Amino acid sequence: MLDDLRLFVEVSRRGSFAKAAEDLGIGAPTLSKRMLALEEKLGYPLLLRSARGLTLTNHGQAVVDKMAESLLALQAQSEALSTLEASTFHLLCPQNLMIGPLYNALQSFQAQHPEIQLHVEPANSVALLSQKRFDLTVRVGELDDSSVYQKRLGQIAVRAVVAKNIATTKTLFLPFKASQLPATDEWRALLAQFSHVSYVGDITLVRKLVSSANGAGVLPMTEIAALAAQSQTAFSYIGDCQFIRSIYALWPNQRTPPTHTRDFIELLQMRCQELDYLQGAVLSLN
């Protein structure tokens, strides 16, 4: 009924079904039928129809006096919803990426949109996105959730690495579960070299353990880059085993991302293109 009341107000302002129909983009016969149906619902006539045009009844004038201003304001607010941008933005991203190679993208987004309240949740494990509030998620590895839209940003090579001064270690730290490792003879042979294989559920912690010469570790190039940049220790790769993990941006609800989400994705993609090791390159440790 609210929509029909709004149409009645629009008709009353123009004094003509034809003019109102043209301005509103609907057929004049359809508009006339909807006014008749509205009058039937209300139980009294709103318009006097004649060859000279339309005139408001007393009831019709009372409806206009009582409802016109609020109905037109509501319509204006409804139309503004199509261009409405939220004042907050929720980002889920692996902590090691956001404080590391993707930090510049985060900083640039905040500089471009100072009006946005940015909420960042470090998320190193793949959680059920249906249970999270988010505008954008960055994920690395295979994706199981088909309820969201996605764009591949880059890829990261993964290798086993060790400090050269303990190259004979029998301890290997894994930030990945066995199901995330390639089921190949090469990787099985590499794991067999170690008497102690420990699962550590945080990539940054594995990097620190390797950096402190506590053992070898299977690490993505993002962490190997940090090892090379932050440590005075020399490192080397163990064997030639390698696999690739893709980096994805994910967003909900609609194929074309909203403006702020699109802006963030573009900044992330630019950052990934700037760094070879976010495009699958293997860093030299020589």
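Predicted model: local features only at pLDDT ≥ 70, side-chain atom pairs only at ≥ 80, totals over all residues.
A residue counts as buried when its relative accessible area is under 20%. The chain comprises ten helices and eleven strands, and its radius of gyration is 31 Å, whereas a compact globule of 286 residues would have a value near 19 Å.

**Overall dimensions and surface**

- The C-alpha trace of the protein chain extends over about 100 × 35 × 25 Å along its principal axes.
- The accessible surface of the protein chain amounts to about 15800 Å², and carbon and sulfur atoms account for 49% of this area.
- The protein chain carries 26 positive and 26 negative side chains. The centres of these two sets are 2 Å apart.

**Contacts along the sequence**

- For contacts between residues at least 6 apart in sequence, 75% join residues at least 24 apart.

**Helix α2**

- Helix α2 covers residues 17-24, and its buried residues are F17, A20 and A21.
- Viewed down the axis of α2, these buried residues fall within an arc of 100°, and therefore they line one face of the helix.
- The exposed residues A18 and E22 are found on the face of α2 turned away from its buried side.
- The packing partners of the buried α2 residues include two helices, α1 (2-14) and α3 (28-42). Strands β1 (47-50) and β2 (53-56) also pack against these buried residues.

**Residue V64 in helix α4**

- V64 belongs to helix α4, which covers residues 58-80.
- The relative accessibility of V64 is 16%, and because the cut-off for burial is under 20%, V64 counts as buried.
- Leaving aside residues up to four places away in sequence, V64 touches F8, S12 and L56.
- V64 and L5 are separated by 59 residues in sequence, while their C-alpha atoms are 9.1 Å apart in space.

**Residue S246 in strand β11**

- S246 is located in strand β11, which covers residues 243-251.
- S246 has a relative accessibility of 16% and therefore counts as buried.
- With residues up to four places away in sequence not counted, S246 touches R139, V140 and G141, as well as R152, G154 and Q155.

Technical notes. Residues numbered from 1 in each chain as written. Heavy atoms only, no water. Helix = DSSP H or I, 4+ residues; strand = E, 2+ residues; numbered from the N terminus. Rg over C-alpha atoms; globule rule 2.2 N^0.38 Å. Contact = heavy atoms within 4.5 Å. Areas by Shrake-Rupley, 256 points an atom, 1.4 Å probe, with all protein chains shown as cover. Lys, Arg positive; Asp, Glu negative; His and termini not counted. Charge placed at Lys NZ, Arg CZ, Asp CG, Glu CD. Buried < 20%, exposed > 50% of the residue type's maximum accessible area, 1.4 Å probe, protein only. Arc of directions from axis to C-beta.
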